[in-house]
Amino acid sequence: MSNLLNSILRGLVTYSVGIFIVLVIAILVYARRFATALREWQKSVFGLERSLAQRKLVKSTTSLTLLLLLIIGEFLVVTVAGPQMPSIELASTPTIDPFAAATATLTAAEQGPTPIPTPTVGQESLVSECIEGVKEITSPGDGDTVSGTVELIGSVNVENFGSYKYEYSQTGAVNWTTIAAGNQLRLDESLGFWYTSSLTPGTYLLQLVPLDNTGAEMTPCIISIEVAPAPEG
């Protein structure tokens, strides 16, 4: 039931422009019918004629009210519910579609037992480039301690942007595991979530990797994070 609701909400957000256009056209149509019915009702003299005109007036008024409620509801879904929706699960292949409709953020249940690893490299060979307002993780900060579900806040605002992903690895022999990905520019806002409850407590590296519009990875922004045991209960 939850998945069905999420799918419906995602559809309302994804096709919001088309939905708004249809609703506005319908409002214009019924506004014209309302104006016509109002004129007929004002001009009617006989009882039957006045009754028919009044019935048309009530019908067009009801339709206009319903359409206005629908357009208000769609607006609330896009502006309030949309940013809070769980996003689409990351694909099992390393190819990221830059034209996907929604940010791919994994929920705890969606992470699954098979994360996506990248080749192991030595920590000393890593190259990091964090640029304020362009490519950075602002929360948690470098050296912070986290536990449980962690919301990542930061910026991905690079030129020729296609998508981004964020990954973690234990220190030492670095073996990146992709957590999730997204395809929308971010400016000091939510990048997604990191579920650390199943991780062994210790020091981890967390990297934000932008990809350009050809799918090529750019230099990542890498920070160090201390993962603490998840609080009981």
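## Surface and basis of the model

The protein chain exposes about 13,700 Å², of which carbon and sulfur atoms supply 60%; accessible areas come from the Shrake-Rupley method with a 1.4 Å probe, and for residues only the protein chains shown count as cover. This is a predicted model, in which local features need pLDDT of at least 70 and side-chain atom pairs count only at pLDDT 80 or more, while totals for chains, interfaces and linings use all residues. Residues are numbered from 1 along each chain as its sequence is written, and side-chain values use heavy atoms, with hydrogens and water left out.

## Overall fold

The protein chain has three helices and 11 strands, taken as DSSP runs (H or I, at least four residues, for helices; E, at least two, for strands) and numbered from the N terminus. Along the sequence the pattern is α-α-α-β-β-β-β-β-β-β-β-β-β-β.

Of the 233 residues in the protein chain, 36% are buried, where buried means under 20% relative accessible area, exposed over 50% and partly exposed in between (1.4 Å probe, protein chains only). Among contacts (heavy atoms within 4.5 Å) between residues at least 6 apart in sequence, 70% join residues at least 24 apart.

Helix α2 (residues 16–43) has 28 residues and reaches 40 Å from its first C-alpha to its last, close to the 40 Å expected at 1.5 Å a residue, the expected span being 1.5 Å times one less than the number of residues. Its buried residues are Ser16, Leu23, Ala26, Ile27 and Ala37.

Leu69 is placed in helix α3 (residues 47–81) and counts as exposed because its relative accessibility is 55%. Together with Ile72, Phe75, Leu76 and Val80, Leu69 forms a nonpolar patch on the surface with about 490 Å² of accessible area.

Terms used. Patch = residues over 30% accessible without salt bridge, like charges linked within 9 Å, V, L, I, M, F, W, Y side chains within 5 Å. Salt bridge = Lys/Arg side-chain N within 4 Å of Asp/Glu carboxyl O.
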